[in-house]
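This briefing covers one protein model. Please look over the sequence and the structure before reading the points below.

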Amino acid sequence: MNLGVRVEVDGQPSEVDGRQSNFFSQLYVAPPAGGFGDPISSGFVLPDNFRGYAPTGFPRENSTLLNHPIQTHPELRVGFAWQPFSSKDLALRGGYGIYANRTSFAENGYELALTRRSG
């Protein structure tokens with residue numbers, strides 16, 4: 001029987017030219033009935049390293065576009081190996097672990113990879 005814990009520190013992906021955007025629900029303001037919302041309050045944000053044109057006052061966040069760009073995850077592990085008979089021909093093994101996955105930016109990554117770069 002073994003027990004363990006792993007602490008994983010995940011940095012998050014970012015793009016060098018800041019060409020990723022994200023939606024922050026806490027910045028969203030619903031438009032009036034039958035109208036359009038103000039782009040400044042629509043909930044979309046740009047990374048702080050974005051170099052292109054954006055309307056004055058457009059919200060910017062850190063380059064990873066996450067509230068907590070560095071995340072620490074304690075991940076518990078337990079495992080066992082049991083040999084029920086004196087013969088070494090059979091051993092039962094098993095285990096369980098908690099694993100943290102990074103936020104996926106795959107869709108943005110494909111878009112960046114397939115978009116022609118200007119300038």
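The model is predicted, with an average pLDDT of 76 for the protein. It holds one helix and six strands. A search of the whole structure finds three salt bridges, and Arg6, Glu8, Glu75 and Arg77 are linked in a network of such bridges.

**Confidence**

- A pLDDT of at least 70 is reached by 71% of the residues.
- Confidence is highest in strand β6 (residues 92-97), where the mean is 94.
- Helix α1 (residues 106-114) has the lowest confidence, with a mean of 60.

**Overall make-up**

- Along the sequence, the elements follow the pattern β-β-β-β-β-β-α.
- The protein has 119 residues, and buried residues make up 22% of them.
- The accessible surface comes to about 9,000 Å², and carbon and sulfur atoms account for 57% of that surface.
- Among contacts with a separation of 6 or more, 53% are between residues 24 or more positions apart.

**The sheet of β2, β3 and β4**

- Three strands form an open sheet in the order β2-β3-β4, and the pairing is mixed.
- β2 and β4 stand at the edges with a single partner strand each, so one side of each has no neighbour in the sheet.
- Strand β2 (residues 22-23) pairs with strand β3 (residues 44-47) in the antiparallel sense, over two bridges.
- Asn22 has Val45 in β3 as its bridge partner, and Phe23 has Phe44 in β3 as its bridge partner.
- β3 and strand β4 (residues 60-61) run parallel and are joined by two bridges.
- On the β4 side, Leu46 stands opposite Arg60.

- Glu8 lies in strand β1 (residues 2-11).
- Is Glu8 buried or exposed? Glu8 counts as buried because its relative accessibility is 19% and the cut-off for buried is under 20%.
- Arg6 is partly exposed, with a relative accessible area of 43%.
- The side chains of Glu8 and Arg6 meet in a salt bridge, with an N to O distance of 3.3 Å.
- The two side chains also make a polar contact, listed at 3.3 Å.
- Not counting residues up to four places away in sequence, Glu8 touches Gln71, Thr72, His73 and Glu75.

- Glu75 is found in strand β5 and is buried, with a relative accessible area of 1%.
- What does Glu75 contact, leaving aside its neighbours within four places in sequence? Glu75 is in contact with Gly4, Val5, Arg6, Glu8, Ile98, Tyr99 and Ala100.
- A salt bridge joins the side chains of Arg6 and Glu75 (3.9 Å, N to O).
- Arg6 lies in strand β1 and Glu75 in strand β5 (residues 70-82), so this pair ties together parts that are 69 residues apart in sequence.
- Arg77 also forms a salt bridge with Glu75, and the closest N and O atoms of the pair are 3.4 Å apart.
- The side chains of Glu75 and Arg77 are joined by a polar contact of 3.4 Å as well.
- Arg77 counts as partly exposed, at 22% relative accessibility.

**The network as a whole**

- Why can such side chains pair? Side chains of opposite charge can pair when their charged atoms come close.
- In the network of Arg6, Glu8, Glu75 and Arg77, Arg6 bridges to Glu8 and to Glu75, while Glu75 bridges to Arg77.

How values were computed: Residues are numbered from 1 along each chain as its sequence is written. This is a predicted model: local features need pLDDT of at least 70, side-chain atom pairs count only at pLDDT 80 or more; totals for chains, interfaces and linings use all residues. Side-chain values use heavy atoms; hydrogens and water are left out. Helices (H or I, at least four residues) and strands (E, at least two) are DSSP runs, numbered from the N terminus. Buried means under 20% relative accessible area, exposed over 50%, partly exposed in between (1.4 Å probe, protein chains only). A polar contact is a pair of N or O atoms within 3.5 Å; within protein, one must be able to donate a hydrogen and the other to accept it, and residues adjacent in sequence count only if both atoms are side-chain atoms. Contact means heavy atoms within 4.5 Å. A salt bridge is a side-chain nitrogen of Lys or Arg within 4 Å of a carboxyl oxygen of Asp or Glu. pLDDT is the predictor's confidence in each residue, from 0 to 100. Accessible areas come from the Shrake-Rupley method with a 1.4 Å probe; for residues, only the protein chains shown count as cover. Two strands pair if DSSP finds at least two bridges between them.
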